[in-house]
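User: Please take a close look at the ligand site of the structure shown here.

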Amino acid sequence: MILAFESSCDESAIAVFDPASGVACEWVHSQISLHSEHGGVVPDIATREHLRHFGPLLRLAIKDPSWRGVSQVAVTRGPGLAACLAVGAAAAKSVARALRLPVVGVNHLRAHAWSPFIPLHAESPGAFQERLRELLPHLGLIVSGGNTILFSISEAGALEQLSSTRDDAAGEALDKGAKLLGIGYPGGPEIERRAAGGRPDAFDFPRGIGRPGDLDFSFSGLKTSLRYRVQAMPEPQVRASLADLCASYQAAVVDALSSKTAAALERRPYRSVGLSGGVANNRALCGAIEARARNAGARFMAALPRHTGDNAAMIGFAAWIDAADSARFSGGALQVDPGAYL
Ligand code: KG4
């Protein structure tokens with residue numbers, strides 16, 4: 001059983017993953033409300049909050065029956081905010097040393113990449129490897145506040161990054177768009193809520209890199225286009241058009257993500273398509289990626305809502321599934337790596 005820690009950004013999280021039955025227990029302390037008044041994550045506040053909350057989270061974990069079965073510790077080693085990663089790593093190393101257990105560092109993006117497979121494992125832990133093989137090769141899309149990545153998992157279980165964003169991540173584009181519209185943080189859910197009452201074709205926003213065959217994403221042009229559009233409209237008109245602006249802006253983000261996913265699906269056959277990261281909570285995006293997967297005859301797999309944002313369950317799961325890589329990332333002495341790649 002693996003005791004996992006996550007602290008790469010604004011969530012402090014602990015979980016125990018049991019390979020024989022699935023996620024045994026998990027706790028997340030989110031700092032979103034503290035950062036929302038600043039319109040984005042403030043690294044110093046995030047670090048302070050991690051320092052304050054790992055103690056209480058550990059006290060909860062110690063009371064859980066699964067604690068007695070823990071035989072390994074795993075912790076996010078990167079990518080993420082350096083000081084935040086360091087707090088999680090220090091907590092994990094302290095517990096590992098006290099309990100005389102090995103500790104491995106897990107790449108946060110690989111954990112997001114594997115997170116849609118957590119429910120599959122929970123359905124039949126004993127038959128997971130066979131069922132996994134039936135779903136490979138897999139095409140995955142990670143969409144979070146800091147990353148937008150298309151990747152594949154080969155029949156042999158090897159992850160390969162196919163493309164990423166050249167500028168802003170999809171979640172960042174939604175957060176910055178919401179800021180321009182003056183509607184709160186985090187922007188993704190705020191835009192989705194308002195988009196429900198608007199027309200997605202009311203405004204014409206750019207869809208990023210349009211070159212055929214190019215799988216990279218770009219969202220900075222979209223954001224600039226929204227800025228110019230809003231600057232050209234009198235304030236009362238912006239307020240009156242908020243639902244249409246949100247629906248059109250969200251449609252541009254969803255189109256950009258789903259058309260690149262479709263282009264990747266045209267390149268070669270995949271047996272499953274995964275969606276993970278915070279923006280995977282978006283219903284329009286889920287529907288669009290599911291439709292692309294269906295058209296390509298692939299099974300659609302989204303991470304569970306509680307595992308889309310940052311969480312420790314996916315760190316424990318990735319440490320188990322990706323054991324060789326976790327060990328490689330960890331090396332001898334565990335060190336954090338804020339700029340790690342997939
Ligand atoms: O995975 P996550 O916690 O990101 C990082 O830590 O990097 O996801 C946060 C991102 C934010 O940009 C937020 O606006 C977006 O996910 N998000 C959504 C929704 N819920 C969260 N975007 C669109 N629709 C949602 N329902």
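How many residues surround the ligand, and which are the closest?

Analyst: This is a predicted model, in which local features need pLDDT of at least 70 and side-chain atom pairs count only at pLDDT 80 or more, while totals for chains, interfaces and linings use all residues. Residues are numbered from 1 along each chain as its sequence is written, and side-chain values use heavy atoms, with hydrogens and water left out.

The ligand is surrounded by 19 residues, the closest being Gly145, Asp175, Gly188, Glu192 and Gly278 (a residue is near if one of its heavy atoms lies within 4 Å). By class, this shell holds 12 polar, 4 nonpolar and 3 charged residues (Asp, Glu, Lys and Arg count as charged; Ala, Val, Leu, Ile, Met, Phe, Trp, Tyr, Cys and Pro as nonpolar; the others, Gly among them, as polar).

Helix H7 (170–180) and helix H8 (187–195) each supply at least two shell residues, and H8 gives the largest share, 4 residues (helices are DSSP runs of H or I with at least four residues, numbered from the N terminus). Because domain 1 (2–121 + 307–328) and domain 2 (128–302) both contribute to the shell, the ligand lies between them; the domain bounds come from an automatic or database assignment.

Polar contacts are pairs of N or O atoms within 3.5 Å. A polar side-chain atom of asparagine 282 is 3.1 Å from a ligand nitrogen atom. Ligand oxygen atoms lie 3.2 Å from a backbone N or O atom of glycine 171 and 3.4 Å from a polar backbone atom of valine 279. Of the 560 Å² of accessible area that the ligand has on its own, the protein covers 86% (Shrake-Rupley method, 1.4 Å probe).

Definitions and conventions
Polar contact = N/O pair within 3.5 Å; in protein donor to acceptor, adjacent residues only side chain to side chain.
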